[in-house]
Amino acid sequence: MSISIAGLIGAAIGLYLGWIDYKIVSGVLRGVAQKQRRKTGRPGLLERYETLVRGVLLAFALIGFPLVGYFAGQSIAG
C-alpha cells in the first residue's frame, strides 16, 4: 500500500485541527466543571470523570482527525 502525499498533508491538517479542537473543548469542559463546583460546593459527575473524558477526547483528536484528514486528502487528490 502506497502512502500519498496529499493524504499526508490532509493528516497533518487534521492533526492540527484536532489539537485546536481538543484545546477548545477541554477548556469548555473545565469551565463547566468549575461552574458546577461553585454552584453545588461539591464535585459533580463531570469533575469526577474529567481525566477520563479528556483522555478520550485527546485520543480522538490525535487519531480520529488525522485519519479523516488522510482519507479526505487522498480522495480529493484522486
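The protein has three helices and zero strands, where helices (H or I, at least four residues) and strands (E, at least two) are DSSP runs numbered from the N terminus. Read from the N terminus, its elements follow the order α-α-α. The radius of gyration, taken over C-alpha atoms, is 17 Å, well over the 12 Å that the globule rule gives for 78 residues, so the protein is more spread out than a compact globule. That rule is 2.2 Å times the number of residues to the power 0.38. Along the principal axes, the C-alpha atoms fill a box of roughly 55 × 20 × 15 Å.

This is a predicted model, in which local features need pLDDT of at least 70 and side-chain atom pairs count only at pLDDT 80 or more, while totals for chains, interfaces and linings use all residues. Residues are numbered from 1 along each chain as its sequence is written, and side-chain values use heavy atoms, with hydrogens and water left out.

Of the 78 residues, 22% are buried; buried means under 20% relative accessible area, exposed over 50%, and partly exposed in between (1.4 Å probe, protein chains only). Contact means heavy atoms within 4.5 Å. Among contacts with a separation of 6 or more, 76% join residues 24 or more positions apart.

The protein exposes about 5700 Å², of which carbon and sulfur atoms supply 70%; accessible areas come from the Shrake-Rupley method with a 1.4 Å probe, and for residues only the protein chains shown count as cover. A nonpolar surface patch of about 870 Å² includes Ile-3, Tyr-16, Leu-17 and Trp-19. Such patches are made of residues with over 30% relative accessible area and no salt bridge, with nonpolar side chains (Val, Leu, Ile, Met, Phe, Trp, Tyr) joined within 5 Å and like charges within 9 Å. Leu-17 lies in helix α1 (residues 5-40) and is partly exposed, at 45% relative accessibility.

Helix α1 also holds Gln-34, which is partly exposed with a relative accessible area of 43%.

Glu-50 belongs to helix α3 (residues 50-77). Glu-50 is buried yet has no salt bridge, that is, a side-chain nitrogen of Lys or Arg within 4 Å of a carboxyl oxygen of Asp or Glu. The nearest side chain of opposite charge, Arg-30, is 4.2 Å away; here Lys and Arg count as positive and Asp and Glu as negative, while His and the chain ends are not counted. Leaving aside neighbours within four places in sequence, Glu-50 is in contact with Arg-30 and Ala-33.
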